[in-house]
Each structure stands twice: as structure tokens, then as C-alpha cells.
Amino acid sequence: MQKIETFASWIEQSNNIVFFGGAGTSTESGIPDFRSAAGLYQTEQHSPYPPEVMLSHSFFVKMPDIFFDFYRSKMLHPDAKPNGCHTLLARLEKEGKLKAIVTQNIDGLHQKAGSHEVLELHGSIYRNYCMGCDHFYDLEQVMASKHMVPRCPRCRGVIKPDVVLYEEPLDQQVLFRSMEAISHADLLIIGGTSLTVHPAAELVSYFEGNRTVLLNMDPTPYDNKADLLITERIGEFMMKTSEILYG
Ligand SMILES: [Zn+2]
């Protein structure tokens, strides 16, 4: 049996699928992962700051103008469309087969595809809060701001994206729900992630089943633990899987 047929049959036999994904899930939607985006920004702007610095909490506080210049030009992709991976996962959730998506992405593409149970480990560009008064702002309001650093019309506080920056802790509630979902799954699909960023590797280790599918273009430290290892473009591969499942 070909790998894709095995994958499709495992989906058919499962009723508690959990997907764990990273940046590679969105590259076919035209969103580069932030490291390459930051590299590009550094070259274009002659910026001396590496991505880990520009996307850290202390940098955000010290140099919000440079942070937002980078954030606005490279991290926001409001027009990106879901690809074959997002759409298949949304369909599986609708059918009751998929219970949760745990993602390291902040682009909201799973929700755009129609998924509901999306556990966003690193937050979302679609949620923003005033650091002064906690008032909520959506992405449109941040993008409409005439100044580089968006400020709250109520209290003039800086509006911060609800995105987890370096030096900031993850939301413990989201982390806990992710652990729960993964530990109860009967099929774990890991896609588009190198599993090297904390706490990705720790999280997938909570899986107790014997069907782990790893879909990634590049090798990961988890490759030898995968029950099915697929090195193909994830959006395309999931689209082909949809054709097998639904014709
Ligand atoms: Zn405010």
C-alpha cells in the first residue's frame, strides 16, 4: 500500500484525530516562516537585528516602531487563503473525526477554513489588546492605524498583538488543553514543523497511541518515532488525501 493510502485508511479508522502544526502548514498559502521573513527584512532594511531579537518582549517595549515596522510588513498576511491542509482538517472536524488542532501559527488560516477547536500556542494576529486598559482591538483596527505604533484611542496605551513573543510565557490554559487533546488522540498528525521549538517536542510526547504521522519537507529529530513519515508538500498531499477520501 502506498503511504497516502495508509494515511487515508488511518483517517477513516480514527475518531479522535489531533493535528499538530507549524509554519510549514502555511507556506503553500504564501506565508513564509518568520525566520526567512525576518532574514528578508534584515536584508531590505539593513536591519542589524536577528528575528529572535526583533520578536522579543524587551525589544517590543524598547523599540516598538521597529517591531511594528517588521510586524506589519512581514508578519501580517490578511489576504492569505487556506490550502488543502487547512480545508481537509476543517472537514474532518465537521464530521466529528478531528477533535483539535494545535498550532504554532498565528495566521488564523485554520479558522478561515472553518475549524473551531484551534489551540493557538503562539496566539493570533487577529487579537490585539491595549497595554494600558486591556481593551480589545481586531486586526482591521491595528492595520487602519495611521501611526507605525498603534495606540488605544481611549487611553493612548500601545496596542499589543496577542502573539507570544520571545521571553513571554505560553498561555497555560492553551498548553493544558493541547496536552489533553494530544493524550486522548487515536491518530496524531504532525505537519510542517521541525519540532525543535519549545514546547513542540514535549507536547507530542503526550501522545499515547501508535499512529503518528509526520508530514514535513525536512528531517526532524522525531523522524524515527513516526509510524508514517511523509516528505511532501503538506497542502498538496492533504488535497490528494481528500480526493481519496471523498472522491
Ligand atoms: Zn487603552
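Which residues does UniProt list for "binding site"? The unreviewed UniProt entry gives Phe34, Ile106 and Asp107 under that heading. They span 74 residues in sequence, yet no two of their C-alpha atoms are more than 11.3 Å apart, so they gather at one spot. Phe34, Ile106 and Asp107 are also part of the lining of the largest pocket. The model is predicted, and it includes a zinc ion coordinated by four cysteines, Cys130, Cys133, Cys152 and Cys155.

**The listed binding-site residues**

- Ile106 sits in the loop that runs between strand E2 (98–103) and helix H7 (109–113).
- The relative accessible area of Ile106 is 13%, and because buried means under 20%, Ile106 falls in the buried class.
- Beyond its neighbours within four places in sequence, Ile106 is in contact with Met75, His122, Gly123, Ser124, Ile125 and Val163.
- Asp107 lies in the loop between E2 and H7, and at 11% relative accessibility Asp107 is buried.
- With residues up to four places away in sequence left out, Asp107 touches Ser26, Ile31 and Tyr126.
- The side chains of Asp107 and Ser26 are joined by a polar contact of 2.6 Å.

**Zinc site**

- The zinc ion is held by the SG atoms of Cys130, Cys133, Cys152 and Cys155, at 2.3 Å.
- The four donor atoms make angles of 93 to 119 degrees, and the site is tetrahedral.
- For reference, the ideal angle for four tetrahedral donors is 109.5 degrees.
- Along the sequence, the spacing of the donor residues is C-x2-C-x18-C-x2-C.
- Cys152 is buried, its relative accessible area being 0%, whereas Cys155 is partly exposed at 36%.

**Asn128 and strand E4**

- Asn128 belongs to strand E4 (residues 123–130).
- Asn128 has a relative accessible area of 1% and is buried.
- The side chain of Asn128 reaches the backbone oxygen of Ile125 at 3.3 Å.
- Not counting residues up to four places away in sequence, Asn128 touches a run of residues including His135, Phe136, Tyr137, Asp138 and Leu139.
- Tyr71, Val142, Ile159, Lys160, Pro161 and Asp162 are also among the residues that Asn128 touches.

**Helix H1 and its partners**

- Helix H1 covers residues 3–13, and its buried residues are Ile4, Thr6, Phe7, Ala8, Ser9, Trp10 and Ile11.
- These buried residues of H1 pack against the strands E1 (17–21), E7 (187–191), E8 (212–215) and E9.
- The helices H6 (84–94) and H11 (234–246) also pack against the buried residues of H1.

**Leu228 in strand E9**

- Leu228 is in strand E9, which covers residues 228–230.
- At 7% relative accessibility, Leu228 is buried.
- Leaving out residues up to four places away in sequence, Leu228 touches Lys3, Thr6, Phe7 and Trp10, among others.
- Thr212, Val213 and Leu214 are also among the residues touched by Leu228.
- Leu228 and Glu167 are 61 residues apart along the chain, and their C-alpha atoms are separated by 34 Å.

Notes: Residues are numbered from 1 along each chain as its sequence is written. This is a predicted model: local features need pLDDT of at least 70, side-chain atom pairs count only at pLDDT 80 or more; totals for chains, interfaces and linings use all residues. Side-chain values use heavy atoms; hydrogens and water are left out. Donors are N, O and S atoms within 2.8 Å of the metal (3.2 Å for Na, K and Ca); water is not among the atoms, so sites may look incomplete. Four donors count as tetrahedral if all angles lie between 85 and 135 degrees; four count as square planar and six as octahedral if opposite donors are over 155 degrees apart and all others between 65 and 115; anything else is irregular. Buried means under 20% relative accessible area, exposed over 50%, partly exposed in between (1.4 Å probe, protein chains only). UniProt positions are given in the numbering used here, feature names are shortened, and annotations may be inferred rather than shown by experiment. On a 1 Å grid over the protein atoms alone, a cavity is a set of points where a 1.4 Å probe fits but cannot get out, and a pocket is an open set with protein on both sides within 12 Å along at least five of seven lines; lining residues have an atom within 4 Å of a point. Helices (H or I, at least four residues) and strands (E, at least two) are DSSP runs, numbered from the N terminus. Contact means heavy atoms within 4.5 Å. A polar contact is a pair of N or O atoms within 3.5 Å; within protein, one must be able to donate a hydrogen and the other to accept it, and residues adjacent in sequence count only if both atoms are side-chain atoms.
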